[in-house]
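Hello,

Here is the structure I said I would pass on. My notes on it follow below.

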Amino acid sequence: MLLQIILTVYMSLSAAHIPQKDHQNPFYENYKKYHQQAISNRRFKHGDLAPLLQEMKGIEGVTVQKIGESVQGRDISMVSMGTGKTSVLLWSQMHGDEATATMALMDIFNFFSASDALNPYRKIMLDKLTIHFIPMLNPDGAQAFKRRNAMDIDLNRDALRLQAPEAQLLKRVRDSLKADFGFNLHDQNTRYTVGKTNKPATISFLAPAYDEQKSVHEGRENAMQVIADLNNTLQRIIPNQVAKYDDEYEPRAFGDNMQKWGTSTILIESGGYHNDPEKQYIRKINFVAILQGLLSIATQSYKNFNTDQYFSIPDNRTYLFDLLVRNAQVAVEGKQYMLDLGINRREQDDEGSRAFSYVSTLEDIGDLSVFYGYQEIDARGMTALPGKVYASVFKNFEALEKADLHAILAAGHTTVQLAQMPAEEYINKLPVNIVKAGTEKAHPVQLYGRPNFILQENNKVHYAIVNGFIYNVRTRENQIINALD
Ligand SMILES: [Zn+2]
């Protein structure tokens, strides 16, 4: 009987007539068709999602229901579909500034709304599973693009005390569904690496522990097996860019408690990927991982995997800087030393708007030879010197825009003075820092300082590092997204 079921499932999938090479994945290959174009960067708001959820209401077999409200009164909705015996609950963005999976869920809604050559996959998922999605569990946090909710508490530390309305409703929904499987969807530090390698942990998985001993009961084992299956799929798409999240037991977290309450819980953390600051490629990887996870549960293909395969996934480590300058000569107290400079860029939100700028910090200095950078400069033979403040004063920003900024940078300056500063909310996209005349700011090359320096050789400037971004003086390539103001 069981063999019969497996054969039927296998045949219904192989009958799909989907052109598929060995390394290809049907969800990956067909992603473009389902991409929700209304959402194109991470700082979308509750108001952007609402109409998309509304559209789902018209689709046969789909229910969209309000399940509660956030602290500030924003509706939190659940989208449900499928008629299967196995229930799966997915929730995203319990941390307001972790938006990647919510974008992928919008694409997944489009996937389930479509009818095409992938119908055999939809059919088996909807026949075997009842799927409940809660996109954007923390809409108030998303509004301010911050981790915490409007009470300024971390919802993922409120699974026991259940003070926040958002936490209460997640618990209530889990208990009412008695969900068999759960997907806890987050974003992690983009500088996490796969072990000690230079590869970013683009996706990290975890089957959270439910006790200090990190015991493995059947529910947790199932989650580990699903993860092993997903790792197998993702290795063909993003080889060596999958890691395992820290499995320390956190008694207040939802993932850990869901596991304890009997829901096999799979944590998916979206990390970084080269040249993907808005995480649109990682969103696609999420789309694949979530659908593949649902398929794995629906077909029970996860049972072909074991916990050893889960444990063999490398751990998350932090071996990446945004920019690593290697082997620079740096003067300290009049003497030269060879030092590596590790620089990270942090997003700073412009409150009340969707704009953000970067502020960079020199976060480590010394022998950083075991680390890597998303960007690296080998400065062997070059000296790092603080960027100078340009002596002449520009009347205003408009006057500065007309100036020969290349010449200013090539002469070793990273900051210019303005008689009249631009409006407060302005983000300086020019490749030089601006200060009000007379308030000139020097930026010594020092730990935790702002990285504004030049790299020169034989008195010739090769690079200007402005707010932690690179301006290549020799090629005039400008990679400065924003300077300081
Ligand atoms: Zn998170």
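Helices here are DSSP runs of H or I with at least four residues, strands are runs of E with at least two, and both are numbered from the N terminus. The model is predicted, so local features need pLDDT of at least 70 and side-chain atom pairs count only at pLDDT 80 or more, while totals for chains, interfaces and linings use all residues. Residues are numbered from 1 along each chain as its sequence is written.

H10 covers residues 254-261, and its buried residues are Phe254, Gly255, Asp256, Met258 and Gln259. Buried means 20 or more other C-beta atoms within 10 Å of the residue's own, exposed means 12 or fewer, and partly exposed is in between, with C-beta atoms placed from the backbone. The buried residues of H10 pack against helices H8 and H9 and strands S5 and S9.

Valine 389 lies in strand S16 (residues 388-394). Valine 389 counts as partly exposed because it has 18 C-beta neighbours inside 10 Å. Beyond four places in sequence, its contacts (C-beta atoms, placed from the backbone, within 7 Å) are His413, Thr415, Gln417, Glu440, Lys441 and Ala442. Threonine 414 is 25 residues from valine 389 in sequence, and the two are 6.4 Å apart in space, C-alpha to C-alpha.

In H5 (residues 100-113), Thr100, Ala101, Met103, Ala104, Asp107, Ile108 and Phe111 meet Ile282, Arg283, Asn286, Phe287, Ile290 and Leu291 in H11.

Regards

Terms used
Two residues are in contact if their C-beta atoms, placed from the backbone, lie within 7 Å.
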